[in-house]
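Please have the sequence and the model in view while reading.

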Amino acid sequence: MKTDPICGMQVDEATALSAERDGETFYFCSAHCRQKFLGQAKPKRALVLNPATPMKDCCGGRPGHEAPEARAHSHAHPSETPACCGDKAKPETHSKEDSCCDNHDTTQAAKPSAAAKYFCPMCPGVESDEPGDCPKCGMALERNPAWKPAAKVSYTCPMHPEIEQDHPGDCPKCGMALEPKTVSAADTAEDDTELRDMTRRFWIGAGLTFPVFLVAMAHVSPALTHQSWLDSDTSRWMQFALSTPVVLWVGWPFFRRGWRSLVTAQFNMWTLIMLGVGAAFLFSAVAMLAPGVFPDSMRPHGKVGIYFEAAAVIVVLVLLGQVLELRARSRTGSAIKALLNLAPPTARRVGDHGDDEIPLEQVHAGDLLRVRPGDKVPVDGVLTEGHSSVDESMITGEPLPVEKHADDKVTGGTVNGTGGFVMRAERVGSDTLLAQIVNLVAEAQRSRAPIQGLADKVAGIFVPVVVAVAVLTFVLWFWLGPEPRLAHAIVNAVAVLIIACPCALGLATPMSIMVGVGRGAQEGILVKNAEALERLEKVTSLVVDKTGTLTEGKPKLTDLLPVEGMDAKELLRLAASLEQGSEHPLAAAVVSAAKEQSLTLEPAKDFRSVTGGGVIGTVSGRAVMVGKPSFLRDQGVSGWEILEAKADQLQMEGKTVLFVTVEGRPAGIFTVADPIKATTPEAIRELHALGLQIVMLTGDNRRTAEAVAKRLGIDAVEAEVEPQGKIAHVRKLHAAGKVVAMAGDGVNDAPALAQADVGIAMGTGTDVAMQSAGVTLVKGDLRAIAKAIHLSRATMRNIRQNLFFAFIYNAAGIPIAAGLLYPFFGLLLSPMLAGAAMSLSSVSVISNALRLRNARLQRNGG
C-alpha cells in the first residue's frame with residue numbers, strides 16, 4: 001500500500017493513478033489529487049502515519065466496513081467502472097444509502113457556495129473560512145475561486161471629501177466624524193454610533209451641570225442674594241466636583257479634536273472651543289487648588305472668582321448643537337435611504353433541488369432567479385421564462401406597468417405585478433442601474449461646489465484672527481477694564497473664542513448641497529457633482545440633440561424604396577445585417593423592421609462605423625454601406641440624383657432618410673420616422689420661460705431638422721453636424737459669452753457633453769453619454785431639465801442665505817463678545833450665552849438647508 005501525498009489516504013499501487021518526480025513514483029487516490037500534486041512547484045512530503053494510530057479512510061469509520069488495517073482502501077482508476085471502497089460493483093447496484101462513500105460524489109466535484117473561502121472538492125458541504133484539512137476525508141481544503149473578499153471600506157469627511165482613510169475616525173481639518181465613502185444596501189440601517197455617544201454624553205453632562213448652573217446663577221435671584229452658602233467653600237468644591245467630569249469626560253471628544261487641530265495646524269471650531277473651555281476650567285481649577293498664586297487684588301470678596309459653570313454649560317450647549325446637527329444630517333440622507341430601500345434584501349435562486357432564498361449580495365451574474373407576483377426585481381437581467389407586467393416608474397416615471405416576456409430586460413428595484421417569471425441575472429452588485437444611481441447621488445453629496453472655496457478661504461484665516469482678537473480682548477480688559485480686571489479679561493476672551501466658532505460657516509455649503517442633490521434624486525435628476533449643480537444656475541443656452549432627446553429615440557421604418565432591379569426584402573436584409581453592429585436608434589429601426597418580416601440576418605464581416613457618417617461591412621460576401629449621401633460619396637459612390645430627389649420630398653415631412661449601397665452602387669433608400677416625445681413641447685415652453693435660448697444640433701438632414709424645429713419653436717438649428725461640429729458649435733457659443741448646457745443621449749454626443757459647461761445625459765441613452773455628463777435625467781424627460789435648473793437656482797439661493805447668516809453672525813457676535821457695548825450700555829456677553837448662540841447658529845443653517853427637501857421644482861417654484 002502507498003500513501004497519497006496530497007490527502008494521506010492509503011491506495012493500492014496496482015490500481016491507483018501515479019506520477020513520477022525526481023526519480024520517485026507517487027500514487028494517488030483520484031485524478032484530483034494527482035492534478036493538484038503536478039501543479040505544485042515542489043512535491044510535498046508524504047504523510048507519515050503513526051502505525052499505532054488507526055488510519056482514516058473515506059468511510060469515516062462507518063459501521064459494517066472493515067478497518068483500513070484489515071482491508072486496503074483503494075480507488076478505482078478513472079478508466080474503470082467507479083468503485084466504492086474497492087468494491088467493483090457498478091454504481092447502479094451500489095446505492096447511496098448502502099454506501100460508505102455517501103460523502104463522496106463520484107459523478108461531479110463538490111460545488112462551494114460563493115461565501116465559502118475554502119472548501120473540500122470531494123465532500124459537498126465542507127466549507128471553511130480558514131485553510132486546513134477536510135474533517136471527512138482528510139484532504140487539504142482548496143481556495144474557492146468564486147470567493148471574493150469583502151470590499152474595503154473607505155472613510156471620508158462630509159465637509160472635506162479630499163480626506164480619505166481606511167478606518168473610521170475624525171477629520172484632521174474640521175474634526176467631524178468620517179463617514180463610509182461607499183454606499184450599499186447593507187447600510188440601510190444607519191450607523192448612529194456617534195449620535196448615540198453624543199446623546200449619552202449630553203444627558204449625563206446636563207444632569208451634572210444643572211446644579212452647578214443653579215448655584216452659580218443663584219445670585220441673580222433677589223430672594224437668594226444674601227444666602228451665605230452660595231459662596232461657601234462647600235458650594236465651590238461642589239461646583240468643582242460636578243463640572244470636572246463634564247469638562248474632562250463629557251467634553252473629551254472636543255478636546256481630542258481641538259488638540260489634533262493644533263498638532264496638524266488645521267485650525268477649526270474645535271480649536272476655539274478647546275481654548276475657551278480649557279481656559280475657563282483651568283483658571284477655576286487653579287483658583288480652587290492653589291489660590292495662593294493669585295494676588296490679593298484678585299480677591300474682591302476674599303476668594304478668587306471661579307467659572308466652572310461657564311465651562312460646563314458651554315460643553316453641554318456644544319453637545320446639544322452636535323446632537324441636533326447629527327439628527328439633522330441623518331435626515332439629509334433620506335434620499336439615498338429611499339433609493340436603497342428599492343432593492344429587496346434577498347433573492348430566490350433557482351437550483352437543481354428547488355429555489356433557495358439567498359442574500360442579495362450572493363447573487364452572481366448568470367444565476368437564474370425566480371420573481372414571484374408582488375416581489376421586487378432583485379438585479380438587472382433578462383427574462384428566460386414566464387411573463388408579467390412590471391412597474392418601472394422608478395426608472396421611467398410612468399405609472400403604467402410594462403408587459404414583460406421572454407428575452408425582455410428587467411431592472412433591479414422595479415416591482416413585479418401579478419405574474420411570475422424566471423430571470424437570468426446580468427448585472428449584479430455595484431453594476432446594477434440602482435447601485436450606480438445610489439453611488440452617483442452619494443458622490444455628488446460629498447462633492448464641493450466652487451462657491452465653497454470662499455468659505456474655505458475665510459475659515460483658513462478665521463481661527464488665527466479670532467485667537468488674536470481674544471488675546472487683544474484679554475489685554476485691553478486687563479489694562480483698561482474695571483475691577484476685577486483679570487476676571488473680566490478672562491470672561492470676555494473666552495466669550496470671543498466660543499461665539500466665533502466657524503461651525504455655521506463650514507456647514508453652510510455642504511448641507512445645502514447634500515439636501516439639494518437628494519431632492520434632485522427624488523425627481524430623477526442625478527447630479528454628478530456640486531460643480532455641475534452650481535454651473536447649471538448660470539446656463540443661458542441649452543443645446544439639444546434631436547434623436548432620443550426631443551424625439552422618442554425609437555424610430556420606425558416607414559418607407560423602403562429600392563432601385564430598379566433590387567428586391568426590397570433583400571435590400572432590407574442586407575442593410576439590417578450590417579446595422580446589427582451599430583448602437584444608433586436609426587439602425588435599431590432597420591433591424592426591427594427586418595425581424596418583423598422574419599428575415600434571416602447574417603453577421604457582418606469587416607464592420608466599421610464612422611461616427612456621424614454611416615456604417616460599412618460585408619454581408620453574404622457583398623460590400624454594403626448605409627449612411628448619408630456625403631459619406632457615401634466620400635467612399636467613391638455616385639449616381640444618387642434620382643434617389644436624392646425622392647429623399648428631399650420625404651425630408652420635408654420630417655422623416656430621416658438612409659441611403660444604401662451594395663457592391664459600390666446605389667441600391668435604395670429607407671425613411672425612418674422618430675415621433676416627438678409628448679412632453680417635449682411643454683418642456684420647450686418652460687425652458688423658454690426660464691430665459692434659455694434653445695439650439696438643436698443634429699447629424700440629421702437639414703430639411704428634417706428644420707421641420708422638427710419649426711414644430712417645436714426651437715430658436716436655432718444646426719443640421720448635418722458631425723461630433724466634431726457639435727464641439728465647435730459649443731465653443732462658438734462660449735466665445736459669444738454664453739454659458740452652455742448640452743443635452744444628449746448617444747455616443748456621438750459624448751464629446752460635446754464633456755465640452756459644455758454642464759452636460760445633461762438622458763438616462764435612456766448610452767453609458768458613455770452618462771459618464772461624460774454632469775447631470776443625468778433618469779426618466780429621459782426633457783421637462784426634467786427645467787426642474788434641474790429650478791433645483792440649481794434654489795440650492796444656490798439657499799447656500800447664499802447660509803453664508804450670509806454665518807458671516808453676519810460672526811461679524812456681529814465677535815465685537816459684542818469682546819465688550820463693544822459695555823462702554824455705552826454696560827452690557828457684557830456671558831460665555832454661556834455665547835455657547836448657546838454658537839450652537840443655535842449651526843442649527844439655523846441646517847434648518848435652512850433642510851427647506852430644500854420641500855422645494856418646488858417647477859414654474860413659479862422655489
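What relative accessibility does Arg622 have, and does this count as buried, partly exposed or exposed? Arg622 has a relative accessibility of 28% and counts as partly exposed. The model discussed here is a predicted one.

Arg622 forms a salt bridge with Glu570, and their closest N and O atoms are 3.3 Å apart. The two residues lie 52 residues apart and link distant parts of the chain: Glu570 belongs to helix H15 (residues 568-579), whereas Arg622 belongs to strand S25 (residues 622-627). Glu570 is likewise partly exposed, its relative accessible area being 22%.

## Other salt bridges

Side chains of opposite charge can pair when their charged atoms come close. The structure holds 19 salt bridges. One of them joins Glu531 to Arg535, with 2.7 Å between the closest N and O atoms. Both residues belong to helix H13 (residues 530-536); because they are four residues apart there, about one helical turn separates them. Glu531 is partly exposed at 31% relative accessibility, and Arg535 is partly exposed at 35%.

Another salt bridge brings together the side chains of Arg372 and Asp375, at 3.7 Å from N to O. Arg372 has a relative accessible area of 40% and is partly exposed; Asp375, at 23% relative accessibility, also counts as partly exposed. This pair belongs to one network, in which salt bridges with shared partners join Arg348, Glu357, Arg372 and Asp375.

## The nonpolar cores

The largest nonpolar core contains 54 residues, and the members that touch the most others are Leu542, Leu687, Met696, Ile760 and Ile785. Helix H24 (residues 783-818) gives the most to this core, contributing ten residues.

Helix H19 spans residues 680-689, and its buried residues are Thr680, Ala683, Ile684, Glu686 and Leu687. These residues lie on the same side of H19, because they cover an arc of only 165° around the axis. Leu687 is also among the members of the largest nonpolar core that touch the most others.

The cover over the buried residues of H19 includes strand S21 (541-544), helix H14 (546-550), strand S28 (693-697), helix H20 (702-712) and H24. After H19 comes Gly691, with a positive phi near 90°.

## Helix H4

Within H4, the residues Pro253, Phe254, Phe255, Arg257, Gly258 and Ser261 are buried. H4 is followed by Ala265, which has a positive phi near 60°.

Technical notes
Residues are numbered from 1 along each chain as its sequence is written. This is a predicted model: local features need pLDDT of at least 70, side-chain atom pairs count only at pLDDT 80 or more; totals for chains, interfaces and linings use all residues. Side-chain values use heavy atoms; hydrogens and water are left out. A nonpolar core is a set of buried Ala, Val, Leu, Ile, Met, Phe, Trp, Tyr and Cys residues joined through side-chain atoms within 4.5 Å. Buried means under 20% relative accessible area, exposed over 50%, partly exposed in between (1.4 Å probe, protein chains only). The arc is that of the directions from the helix axis to the C-beta atoms. Contact means heavy atoms within 4.5 Å. A salt bridge is a side-chain nitrogen of Lys or Arg within 4 Å of a carboxyl oxygen of Asp or Glu.
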